[in-house]
Amino acid sequence: SALVVTRGGGNLRRGPDTGFGIISTLPEGTDVTLLERSPYSAWVKVQAGGQTGWMALITLETNAIISFLPQDFDAPLPPRPTATPNLGFGGGHAYPNPGGGQ
């Protein structure tokens, strides 16, 4: 088991990343049951109050040895990051030439 230690509560999410939707926010002091761990991030699948979801390990306090929890290889991968636009000069962008040419 573990205890939610984040002031204001900890978010129970649909997957092991902040990019996944929030199922609910568990209040500080809530006791959760540790079920599994993510194979690629510091997140654990927990159960509390009839709900099951993922919480960041940093939001919990536990004496459990996390590496002893089974890994959930069916855990969804984190959502892909949003592409960062390239706003440099050239490359077909509609920016004026700083040298004054066409």
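Q: What should I know about the model before we start?
A: The model is predicted, with local features requiring pLDDT of at least 70 and side-chain atom pairs pLDDT 80 or more, while totals for chains, interfaces and linings use all residues. Residues are numbered from 1 along each chain as its sequence is written, and side-chain values use heavy atoms, without hydrogens and water.

Q: Where is Lys45 placed?
A: Lys45 lies in strand β5, residues 43-48 (strands are DSSP runs of E, at least two residues, numbered from the N terminus).

Q: Is Lys45 buried or exposed?
A: Lys45 counts as buried because its relative accessibility is 19%; buried means under 20% relative accessible area, exposed over 50%, and partly exposed in between, with a 1.4 Å probe and protein chains only.

Q: How many salt bridges are there?
A: The count is two salt bridges, each defined by a side-chain nitrogen of Lys or Arg within 4 Å of a carboxyl oxygen of Asp or Glu.

Q: What does Asp72 do with Lys45?
A: The side chains of Lys45 and Asp72 form a salt bridge at 2.9 Å, N to O. This pair links distant parts of the chain, with Lys45 in strand β5 and Asp72 in the segment after β7 (60-61), 27 residues apart. Asp72 is counted as buried because its relative accessibility is 7%.

Q: And which residue does Glu36 bridge to?
A: Glu36 forms a salt bridge with Lys45, the closest N and O atoms being 3.3 Å apart. Glu36 counts as partly exposed, because its relative accessibility is 21%.

Technical notes
Helices (H or I, at least four residues) and strands (E, at least two) are DSSP runs, numbered from the N terminus.
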